[in-house]
Amino acid sequence: MAGPTVVAIVGCGPWGLAVLERLHTAALLDARVRLVVHVIEPGPPGVGIYSEKLPEYLLLNTACGQVDLFASKILDPELECAFARPSFFDWLEAQAYRVTQYRRPDGAEVTRGLQKADFLPRRWLGRYLRLVFDTLARHAPPNLELRVHPRRALDIAALPAGERIRFDDGTRLDADYVFLTLGHGESPLSHSELRETSSSGALETLEPASIEPGEPIGIAGFGLTAIDSITHLTVGKGGSFVRTERGLDYVASGREPRLLQFSRSGLPYEPRPQGPDEMARRPGSLAHDGAAIRHLIDARGQVDFRRDLLPLVLDEMAACFSHVAQTTKPSASALAAGSPAAGARRGGFDPAGDLFERERVFADSGAYQASLLDRIASGLDESRRGPARSPRKAGIESLRELRELVRAVVDFGGLTPESFADYRRHFVTNIYRLIVGPPVQKMEEWLALRRAGVVVTPVGPNPRVLARSGGWTLRSTRLERSAACEASRLLSGHASPAQSVIQGSALLQNLTAEGRVRALDPSGTLGCGLDLDACFHPRTQGSTARRLFVLGLLSEGARSFNLYVPSPGSRLRAFTDADACVSEIIGRPARR
Ligand SMILES: Cc1cc2nc3c(=O)[nH]c(=O)nc-3n(C[C@H](O)[C@H](O)[C@H](O)COP(=O)(O)OP(=O)(O)OC[C@H]3O[C@@H](n4cnc5c(N)ncnc54)[C@H](O)[C@@H]3O)c2cc1C
């Protein structure tokens with residue numbers, strides 16, 4: 001009888017855990033499947049960037065009710081399972097977690113029980129991920145042997161019928177198949193630290209303690225990493241937020257620097273919807289049948305995103321807007337007339353404008369800042385109403401579901417090269433701004449910091465950033481009456497794209513040098529990872545590594561939208577992709 005199939009998972013954050021869950025379930029479902037699974041991870045397995053060492057004030061931007069790593073409950077209803085498979089929320093409730101609702105001016109904390117819509121500390125998720133890993137390890141069936149290697153993989157060499165992994169301590173391990181789920185790379189914790197841009201452009205970790213009170217610090221970006229930096233330099237320096245009759249106020253510690261924030265677009269991220277995750281679904285919508293897009297794929301072969309796909313996306317967004325506008329505001333019934341896009345425009349929703357903002361020029365710094373505050377205030381209002389009650393939020397959030405269909409057309413070389421570059425530069429970037437923003441609480445805190453004068457945005461969109469001795473000058477480019485300010489240091493407010501993970505990983509550098517993998521986008525400007533075929537095998541000029549699989553962040557570009565914790569709903573794709581790889585390994589027909 002042939003021996004078991006040996007599988008290695010290199011890098012076990014949430015995506016490596018999703019692979020393990022699929023292998024584990026395959027073994028539970030079929031006793032003839034015999035597996036040895038090696039998990040190679042220097043940190044606590046399963047946890048990835050959600051380290052339990054993170055400060056409590058760094059929050060998830062995913063509502064806790066949306067996270068569940070036990071995908072077998074959804075994907076394998078036939079599985080009779082003898083152990084508990086709690087969702088993140090169920091596990092937190094069972095552990096009697098409570099959230100601080102707000103802090104009163106006298107310092108007393110007001111707490112309450114959890115709700116599924118809560119955005120909780122990241123380190124709580126780390127604890128759940130560890131629980132998931134421990135559960136899978138403890139309940140491994142007899143036909144799956146699990147071995148954990150707390151080491152870093154440095155290289156992987158092809159054998160005639162397998163792969164040989166070399167570790168940082170010089171030892172080696174042979175496997176039949178290897179998953180590369182390296183996520184944010186070899187030091188995942190660094191993604192929650194302050195990252196200073198040096199005058200050469202390189203990023204270096206910066207200790208918050210080295211920043212003086214009142215020191216002017218530039219922050220490039222409005223996204224989640226920028227919000228982390230702001231939180232480190234305010235709450236992390238002893239400040240706190242209190243709820244008064246006026247709303248949320250910031251109580252300064254006196255140790256905060258002065259934060260000068262800016263970004264290329266000058267646009268804020270849209271806060272996540274608050275409350276239950278009710279998608280505004282329309283019966284028969286494109287997101288449900290997909291017929292229009294599938295027809296497009298069949299008819300055209302390689303597609304131009306703007307010409308062929310974007311009109312369908314915009315119409316779907318507009319239709320979701322109109323659907324909610326009709327159900328929430330009867331007087332808006334006129335919206336139903338004509339094409340959904342036209343109706344939506346009449347109702348004040350311009351999906352194309354939301355997705356592809358024109359470059360605006362403002363009269364002066366004050367005009368820009370007033371417009372920014374307006375947008376944030378209306379974004380907060382829409383997020384509080386949620387997609388079931390805010391027509392615009394419904395239109396925007398439909399993008400979340402549409403990602404699946406966009407993937408079906410775009411991924412694995414579906415677009416012409418020119419259109420692919422356009423899609424990555426404009427559409428993908430804006431999708432992140434629109435639907436992967438911070439929770440409402442973080443935007444409320446931002447406004448409180450703005451009122452307290454701790455955060456300012458004086459230079460408008462896309463300022464020129466000039467290195468000078470002892471710091472930086474930020475000079476406006478889109479204000480008619482120009483404005484400038486000086487910063488002593490500059491922090492990067494962007495999560496590092498896949499390209500910088502490739503550059504920072506000794507393993508990927510070795511694999512690249514040996515010609516086993518290559519970057520999908522040699523220019524490094526499109527936020528892409530590795531070149532992969534449609535079965536997630538890395539490929540280079542003329543060769544494909546069929547015993548390697550790449551999932552998650554490093555598949556970005558080949559596969560679209562991978563920066564999330566694998567979970568049910570619109571995040572189930574991570575599990576179905578991993579499942580397809582597992583089917584290939586165990587010789588089972590692909591299941592979906
Ligand atoms: C600051 C930040 C906050 C985020 N917040 C959210 C959020 O709230 N919700 C959400 O859905 N998404 C969030 N994301 C997106 C994030 O991409 C995913 O949630 C998730 O972390 C991706 O999981 P992963 O397993 O691919 O990567 P990671 O979590 O980065 O895990 C990868 C693992 O691989 C290991 N590894 C790397 N190289 C090697 C090697 N050579 N040998 C062995 N092991 C190796 C690392 O040690 C690490 O444990 C956030 C991202 C960032 C940067």
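Start with the ligand: the shell around it takes at least three residues from each of domain 1 (5-52 + 132-184 + 497-586) and domain 2 (190-269 + 439-492), with bounds that come from an automatic or database domain assignment. This is a predicted model, in which local features need pLDDT of at least 70 and side-chain atom pairs count only at pLDDT 80 or more, while totals for chains, interfaces and linings use all residues. Residues are numbered from 1 along each chain as its sequence is written.

Colour by domain next. Besides domain 1 and domain 2, the division includes domain 3 (286-435). The C-alpha centres of domain 1 and domain 2 are 36 Å apart.

Now select the shell. The ligand is surrounded by 37 residues, and the closest are G11, G13, G48, G183 and H184; a residue counts as near if its C-beta atom, placed from the backbone, lies within 6 Å. Helix 1 (14-29) and helix 5 (224-234) are the elements that give two or more residues to this shell. Helices (H or I, at least four residues) and strands (E, at least two) are DSSP runs, numbered from the N terminus. By type, the shell holds 17 nonpolar, 16 polar and 4 charged residues, where Asp, Glu, Lys and Arg are the charged class and Gly is counted as polar.

Move on to the open sheet of 3 strands, ordered 17-18-19 with antiparallel pairing; two strands pair if DSSP finds at least two bridges between them. Strand 17 (464-468) and strand 19 (484-487) are at the edges with a single partner strand each, so one side of each has no neighbour in the sheet. Finally, select strand 18 (residues 471-475), which pairs with strand 19 in the antiparallel sense over 4 bridges. R475 has A484 in strand 19 as its bridge partner.
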